[in-house]
Amino acid sequence: MFETVVPILLFGGLFIAIMTTWAVLLTKYLRQRRVLKYTDPLRAMDIIGRVRQLKVRGREEEAVLLVHNELAMPVDQAQSWVKSI
């Protein structure tokens, strides 16, 4: 019995790890894709980093204004995007 349980648990753990990694990468890709409508990839990475720093410091309103001003993204979309990061 032990010989059959271990491979099943290993497969289950590996499957969960792969699915979690896939979900994280997909989320990251979709967030960046929303910004890529407005700018190029290098600038998008820079803006994402600056927004994360502002959010960590508790300045979410500043982050929304940054996205709105830098990308000319509508305010309601900018708020939604900043919250999703």
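A: A compact globule of 85 residues would have a radius of gyration near 12 Å, whereas the protein, in this predicted model, has 19 Å. The C-alpha trace spans about 60 × 25 × 20 Å along the principal axes of the protein. Of the 85 residues, 21% are buried. When contacts between residues at least 6 apart in sequence are considered, 47% of them join residues at least 24 apart.

The protein contains 4 helices and 0 strands, and its elements follow the order α-α-α-α from the N terminus.

Helix α1 covers residues 2-36 and helix α4 covers residues 75-84; the two pack at an angle of about 155°, and their axes are 11 Å apart. Because an angle over 145 degrees counts as roughly antiparallel, α1 is roughly antiparallel to α4. The crossing in which α1 passes α4 is left-handed. On the α1 side the contact is made by R31, R34 and V35, and on the α4 side by Q77, S80, W81 and S84. By class, the residues of this contact of α1 with α4 divide into 2 nonpolar, 3 polar and 2 charged.

S84 has its place in helix α4, and its relative accessible area of 24% makes it partly exposed. Residues up to four places away in sequence being set aside, S84 touches R31 and R34. The C-alpha atoms of S84 and L54 are separated by 14 Å, and these two residues are 30 apart along the chain.

Helix α1 also packs with helix α2, which covers residues 41-56, at an angle of about 115° and with the axes 10 Å apart. Angles from 65 to 115 degrees count as roughly perpendicular, and α1 and α2 are therefore roughly perpendicular to each other. Here α1 passes α2 in a right-handed crossing. The residues of α1 that take part are R31, Q32, V35 and L36, and they meet P41, A44, M45, I48 and R52 in α2. The contact of α1 with α2 has 6 nonpolar, 1 polar and 2 charged residues.

L36, which is found in helix α1, belongs to this contact with α2. With a relative accessibility of 34%, L36 counts as partly exposed. Its contacts, leaving aside neighbours within four places in sequence, are with P41 and A44. L36 and T4 are 32 residues apart in sequence, and their C-alpha atoms are 48 Å apart in space.

Another residue of the helix, T20, has its place in α1 as well. T20 counts as partly exposed, at 45% relative accessibility. From C-alpha to C-alpha, T20 and H68 are 31 Å apart in space, while in sequence they are 48 residues apart.

The remaining pair to be described joins helix α3, residues 60-71, with α4: their axes come within 9 Å and cross at roughly 125°. α3 and α4 are therefore oblique to each other. Their crossing is right-handed. From α3 the contact draws on E60, A63, V64, V67 and H68, and from α4 on V75, A78, Q79, W81, V82 and K83. These residues of the contact of α3 with α4 comprise 7 nonpolar, 2 polar and 2 charged.

The loop between α3 and α4 contains A72. Most residues other than glycine have a negative phi. A72 is not a glycine, yet it has a positive phi of about 55°. At 62% relative accessibility, A72 counts as exposed.

To draw the description together, α1 is roughly antiparallel to α4 and roughly perpendicular to α2, whereas α3 and α4 are oblique to each other.

Terms used. Residues numbered from 1 in each chain as written. Predicted model: local features only at pLDDT ≥ 70, side-chain atom pairs only at ≥ 80, totals over all residues. Heavy atoms only, no water. Axes fitted to C-alpha atoms, helices over the stretch in contact; angles between N-to-C directions. Parallel < 35°, antiparallel > 145°, perpendicular 65-115°, else oblique. Left-handed = near helix turned anticlockwise from the far one by under 90°. Contact = heavy atoms within 4.5 Å. Nonpolar A, V, L, I, M, F, W, Y, C, P; charged D, E, K, R; others polar. Rg over C-alpha atoms; globule rule 2.2 N^0.38 Å. Buried < 20%, exposed > 50% of the residue type's maximum accessible area, 1.4 Å probe, protein only.
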